[in-house]
Amino acid sequence: MAACGECHLEKINMAGTYKEKFGFQRTLFRIKEIFKRNFNLQFLLYRVKWNYFPKIGFLSKFPLHVDIETTDKCNLKCVMCVHGQGEVDTSGFIDKDFAKKVINEAAAGGAYSIKLNWRGEPALYKNMPELIRFAKERGILEVQINTNGIPFSEQRIKDIIHAGLDRIIFSVDADSEQTYNKIRIGGNFDKLIENIESFIRIRSDLGTKKPFIRLQMVRMKENQNEVRAFIERWKGKVDDLRISDVTDRGQGKELIVGDQIAVGRRRCPQPWQRLIVSREGLVLGCCSDWHQNWVVGDARNESLQSIWKGKKMRKLRNRIAAKQMDEFEPCKSCYVKESYIWISKD
């Protein structure tokens, strides 16, 4: 998303941050989650580090979080996604033993969290329950996945919950079948609702608080009128609801609502928080680098710790700290909202 050259810069509050719709409601969800976790000090420490280390430029000895791409394949072609733009060559699934190697490294290094997906749909990966269980056995505090929610059966849901998944994030993006079908091409709205409700029911039947269930909507022109109905449908049923504006992933600005405008760049937090490991083993410093423009290492023959402290990650952090993000990829075409300065259009 390019910075807005039409704005009068003297009117910009340079500390302006993106304001999430229904943000106060989401704050309440976060507080409730802390109660549900019985004020777990390890989790609270993790979240403090996640939020504040990037702001002060403090580099931990190991990434706080590791994304492990179990597959780059997806069963949908969503209009706001690079898959929907046909710009990602999908090739398969991660080798299970290699995935376990990465999980072992993450656990030994002290990572608090892993997410078992990046560019693809993790529910397509048949060994997902095994990897979840493996990660929990090695002491990973939070194991999570993002999903479109379609490729689940009742038994698959039970297997994932029994394996110990800590958080599942469903991308819903609509509150009606008509709108859903326009946005999430190839999906099935009724199947999605059924699967979300199955997770809620089975979790309740098992008497467990996990996985924490988040539903999210990418707000755009097509669905902006359904945001409130989406909130009302699911409030009180799931643990977290997030409304996040669409950003440019190659589809231009045609989907963007436009009531908030990016007018400058700020220090992106990700290179102080996480590493991303592709299913082939390439390591990236940012989750928005779908085209792997800034490969910082190879987890097949380098340690994650050496990559985290390595020359390419240092260079990435230095350029971001110097606010040179508009001069190189992947930062030049970044869609991570936290790396921009925002103002309200009105």
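**Figure 1. Overall fold of the predicted model.** The chain has 10 helices and 11 strands, taken as DSSP runs (H or I, at least four residues, for helices; E, at least two, for strands) and numbered from the N terminus. Its radius of gyration is 19 Å, close to the 20 Å of the globule rule for 346 residues, so the chain is as compact as a globular protein of that length. The radius is taken over C-alpha atoms, and the rule is 2.2 Å times the number of residues to the power 0.38. Buried residues (under 20% relative accessible area, 1.4 Å probe, protein chains only; exposed is over 50%, partly exposed in between) make up 55% of the 346. This is a predicted model: local features need pLDDT of at least 70, side-chain atom pairs count only at pLDDT 80 or more, and totals for chains, interfaces and linings use all residues. Residues are numbered from 1 along each chain as its sequence is written, and side-chain values use heavy atoms, without hydrogens or water.

**Figure 2. The Arg-119 to Glu-69 salt bridge.** The closest N and O atoms of Arg-119 and Glu-69 are 2.7 Å apart. A salt bridge is a side-chain nitrogen of Lys or Arg within 4 Å of a carboxyl oxygen of Asp or Glu. Arg-119 sits in the loop between β2 (113-115) and α4 (128-137), Glu-69 in the loop between β1 (65-68) and α3 (96-109), so the pair ties together parts 50 residues apart in sequence. Arg-119 is buried at 9% relative accessibility. Glu-69 is buried too, at 0%.

**Figure 3. Lys-96 and Glu-130 in a salt bridge.** Their side chains meet at 3.3 Å, N to O. Lys-96 lies in helix α3 and Glu-130 in helix α4, so the pair ties together parts 34 residues apart in sequence. Lys-96 is partly exposed at 26% relative accessibility. Glu-130 is partly exposed at 28%.

Figure 4. Glu-226 lies in the loop between β5 (212-219) and α8 (227-234). Glu-226 is buried but has no salt bridge; the nearest side chain of opposite charge, Arg-233, is 7.5 Å away. Lys and Arg count as positive, Asp and Glu as negative; His and the chain ends are not counted.
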